[in-house]
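Here is a briefing for a reader who is meeting this structure for the first time. It takes up salt bridges, nonpolar cores and a pocket in turn.

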Amino acid sequence: MFDRFDTGEQAVLVHINFSSEDDREDLDELKLLVSSAGVSTCGTVTGSRQFAQAKFFVGTGKAQEIADTVAACHADVVIFNHALTPSQERNLEALCQCRVLDRTSLILDIFAQRARTHEGKMQVELAQLRHMSTRLIRGWTHLERQKGGIGLRGPGETQLETDRRLLRARIKNIQGRLSKVSKQREQGRRSRSRAEVPTVSLVGYTNAGKSTLFNQITDANVYAADQLFATLDPTLRKIVIDDVGDVILADTVGFIRHLPHDLVAAFQATLQETQEADLLLHVIDVADERKLDNIEQVTNVLAQIEADDIPQLLICNKIDALDEPLTPRIDRDDEGTPIRVWISAQHGQGLDLLPLALTELLAGKIVQHQLLLTLDVAGKFKGLFYKSDFVESETYDELGNTLLSVRLPIIEWNKLLKRTNNELLQFVVAAQA
């Protein structure tokens, strides 16, 4: 279907510095992406421009320099650290006589390698097909418009038109199947919502240490590696937090600057776990020199998926990798609310502080009550508190009445009042916030 050169393992990287901040990319990040894709770099071409040129993206002289580097290195592929138009790709391929990839194609290739679940593979295929739909070219010429005469009547369309029709049909098919997956996820979220189980979602720049932290907290054995986009498929696990109870923790795909729109659209079902979370744990690699820029990029993606208004707790990870290692701690705002937790997920430093911060953020205000339950209602109400492990002590008076001491989040107390039509209030003998 596609008239392309075979992809090899030797790549020439092209990085252009633009004066506009919005068009700038990071060369070191490109090298990490290429390494994550399993490709080795045999040459790098850099340059500066005010704006992209229409034909080759770069100037004619720079394009020839790229072609000469490809010939000298016997490279199999040229990888641009920028987004190219379909015509620019074709012009460069004709000049260099090898495959040309842009940044988006490279990220899609990494996603294709990492996808493990059926849903993840469908999402990646959908993103790839959307990206390819503008890059279809004539792979062969035997399918032409119909001609007169017996044996020469074709389907009435060119091979390119046939490819586009098949592509549209495949995209529609995948969208239908992903819609079913999305409905199943929505049912799961509604079920958790009815059970009033809070959801906490891990977000952050790719390779910030989200999966390592997830494994430390849940013992989930999710694949974690020092490479970009090690995690694609979302993983959900149940954890127990003091004074909160059951909490769903979700590990999600990492973000990156200029995340391709096709990927955002394809992973909408996955990103919905982030969109509907009660709290976001924003994991930051504090040892990365670009950490401030990475934080800004994550904030931009959260705004893009309309999740920027969800409360966040910053997880400052990899404190052991700093030139001057820090001691694990919790930073609080003026009201005493946790805003940052400093940890090292890989070495387990500060992980005991995270549940404390989650308790404060999810449970809110904690209340203590003492209830004097008579014999006729003791069995009815004791089960409500024991079921969620809210009971601190239980004693009896000389008449056989139960004196129950309970400690629970005020949110849970209000829920119990609602379930019992405020009947519990008449048995409260002491209360303390």
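**A network of charged side chains**

Asp-331 has a relative accessibility of 14%, and because buried means under 20% relative accessible area, this residue counts as buried. The model is predicted, and eleven salt bridges are found in the structure.

**Salt bridges around Asp-331**

- One partner of Asp-331 is Arg-329, with which it forms a salt bridge whose closest N and O atoms are 2.9 Å apart; Arg-329 has a relative accessible area of 34% and is therefore partly exposed.
- Asp-331 also forms a salt bridge with Arg-340, where the closest N and O atoms are 3.2 Å apart, and Arg-340, at a relative accessible area of 28%, is likewise partly exposed.
- Through salt bridges that share partners, Arg-329, Asp-331 and Arg-340 are joined into one network.

- Another salt bridge brings together the side chains of Arg-103 and Glu-29, at 2.8 Å from N to O.
- Because Arg-103 lies in helix H4 and Glu-29 in helix H1, the pair ties together parts that are 74 residues apart in sequence.
- Arg-103 and Glu-29 are both buried.

**Nonpolar cores**

- The largest nonpolar core consists of 31 residues, and those with the most contacts inside it are Leu-30, Val-34, Ile-79, Leu-106, Phe-255 and Leu-302.
- At least two residues of this core come from each of strand S1 (10-18), helix H1 (27-36), strand S3 (77-80), helix H4 (103-114) and helix H10 (291-304).
- When its neighbours within four places in sequence are left aside, Leu-302 is in contact with Phe-255, Thr-274, Leu-280, Ala-307, Asp-308 and Gln-312.
- Another core, of 27 residues, lies apart from the largest one, and its members include Val-244, Ile-343, Leu-353 and Ala-363.

**The second largest pocket**

- The second largest pocket has a volume of about 740 Å³, and of the 23 residues that line it, Val-244, Gly-245, Ser-388, Phe-390 and Glu-412 are the closest to its centre.
- Two or more lining residues are given by each of strand S6 (235-241), strand S7 (245-251), helix H12 (375-387), strand S13 (391-396) and helix H13 (410-419), with the largest share, four residues, coming from H13.
- By type, the lining of this pocket divides into ten nonpolar, two polar and eleven charged residues.

Methods:
Residues are numbered from 1 along each chain as its sequence is written. This is a predicted model: local features need pLDDT of at least 70, side-chain atom pairs count only at pLDDT 80 or more; totals for chains, interfaces and linings use all residues. Side-chain values use heavy atoms; hydrogens and water are left out. A nonpolar core is a set of buried Ala, Val, Leu, Ile, Met, Phe, Trp, Tyr and Cys residues joined through side-chain atoms within 4.5 Å. Buried means under 20% relative accessible area, exposed over 50%, partly exposed in between (1.4 Å probe, protein chains only). Contact means heavy atoms within 4.5 Å. On a 1 Å grid over the protein atoms alone, a cavity is a set of points where a 1.4 Å probe fits but cannot get out, and a pocket is an open set with protein on both sides within 12 Å along at least five of seven lines; lining residues have an atom within 4 Å of a point. Grid points are joined across faces, edges and corners, and a volume is the space filled by probe spheres set on the points. Ala, Val, Leu, Ile, Met, Phe, Trp, Tyr, Cys and Pro count as nonpolar, Asp, Glu, Lys and Arg as charged, and the others, Gly among them, as polar. A salt bridge is a side-chain nitrogen of Lys or Arg within 4 Å of a carboxyl oxygen of Asp or Glu.
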